[in-house]
Amino acid sequence: MRIIRGKYGRRRFSVPTNITARPTTDFARENIFNVIENLTEIEGARCLDLFAGTGAVSFEFLSREAASVTAVEKSATQARFIEKVARELGEANLRLLRSDAMRFIKDATMPFDIVFADPPYDMEGFGDIPGAVLGSKLLKEGSLFIMEHSKAYDFSSLHHFYQHRSYGSVNFSIFIIETHEEQSSEI
């Protein structure tokens, strides 16, 4: 796993062979982070990484000076790897929750500035995840939500959909929660 840019840029970590996560490719991660940085400010943001896997997205946010990152990962193997990398980096702004991401979405009480979800593509109920996040308390006015998925899904009909990006076989649907001013200007 390689952190692409920021204060930890170019740092590499060997991912254990027993990790079952499908990490976002470096190419896709670099491109989607360029898009994110053009849409919102990462520095100082409160970020959420659902289905964190190896934590690559979490560490990319932290490397780019996010104020805090909450990483939700159910697998003990993946969670241990995330903890190990955080220790090696001396990173204190990561909050790792070893929990079910769907339960976290349902029970959420506090919003984030940026929410990133990268569930297993073969997960039962995969297609319901964007609607669950959009209907939760994870988002507020001005929040950005990015959902990674395969080309088999099209979330463009969902409320707050902004755009779709594709990098090789990796697809992202981007949602922006408009402010009241933005909503009023569209009328």
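**Stop 1: a set of paired strands**

Select strand β5 (residues 144-149) together with β7: six bridges join β5 to β7, and the two run antiparallel. Strands pair if DSSP finds at least two bridges between them. Helices (H or I, at least four residues) and strands (E, at least two) are DSSP runs, numbered from the N terminus. This is a predicted model, in which local features need pLDDT of at least 70 and side-chain atom pairs count only at pLDDT 80 or more, while totals for chains, interfaces and linings use all residues. Residues are numbered from 1 along each chain as its sequence is written, and side-chain values use heavy atoms, with hydrogens and water left out.

In this pairing, isoleucine 146 stands opposite isoleucine 174 in β7.

Is β7 largely enclosed or open? Six of the seven residues of β7 (residues 170-176) are buried, so the strand is largely enclosed by the rest of the structure. Buried means under 20% relative accessible area, exposed over 50%, and partly exposed in between (1.4 Å probe, protein chains only).

**Stop 2: helix α2 and its two ends**

Select α2 (56-63). Eight of its eight residues are buried, so α2 is largely enclosed by the rest of the structure. They are Ala56, Val57, Ser58, Phe59, Glu60, Phe61, Leu62 and Ser63. To see what surrounds them, show α1 (26-39), β1, β2, α3 (76-89), β3 (94-97) and β4 (114-117), against which the buried residues of α2 pack. Contact means heavy atoms within 4.5 Å.

Next, go to phenylalanine 51, in the loop between β1 (46-50) and α2. Most residues other than glycine have a negative phi. Phenylalanine 51 has a positive phi of about 60 degrees although it is not a glycine. With a relative accessible area of 14%, phenylalanine 51 is buried.

Then select glutamate 65, in the loop between α2 and β2 (68-72). Just after α2, glutamate 65 takes a positive phi of about 70 degrees. Glutamate 65 counts as partly exposed, at 37% relative accessibility.

**Stop 3: the nonpolar cores**

In soluble globular proteins, nonpolar side chains tend to be buried together. A nonpolar core is a set of buried Ala, Val, Leu, Ile, Met, Phe, Trp, Tyr and Cys residues joined through side-chain atoms within 4.5 Å. Which residues have the most contacts inside the largest nonpolar core? Select Ile32, Phe59, Phe61 and Ile146: these are the ones, in a core of 36 residues. At least two residues of this core come from each of α1, α2, β2, α3, β4, β5 and β7.

Centre the view on phenylalanine 61. Leaving aside neighbours within four places in sequence, phenylalanine 61 is in contact with Phe33, Ile42, Cys47, Ala66, Val69, Ile114 and Phe116. A second, separate core has 23 residues, including Phe112, Val115, Val133 and Phe145.

**Stop 4: aromatic rings**

How many aromatic pairs does the structure hold? The structure holds nine. Rings of Phe, Tyr and Trp (its six-membered ring) pair if their centres lie within 6.5 Å; planes under 30 degrees apart count as stacked, over 60 as edge-to-face and the rest as tilted.

Select phenylalanine 126 and tyrosine 153: their ring centres are 4.6 Å apart and their planes are at 35 degrees, so the pair is tilted. This pair links distant parts of the chain, 27 residues apart: phenylalanine 126 is in the loop between β4 and α5 (129-134), and tyrosine 153 is in the loop between β5 and β6. Phenylalanine 126 is buried, with a relative accessible area of 1%, whereas tyrosine 153 counts as partly exposed at 27% relative accessibility.

Phenylalanine 155 counts as buried, at 5% relative accessibility. Elsewhere, select Phe27, Phe116, Tyr167 and Phe172, which form one aromatic cluster.

Finish at arginine 46, which lies over the face of phenylalanine 112, at 4.6 Å from the ring centre. A charge sits over a ring if NZ of Lys or CZ of Arg is within 6 Å of the ring centre and within 35 degrees of the ring normal.
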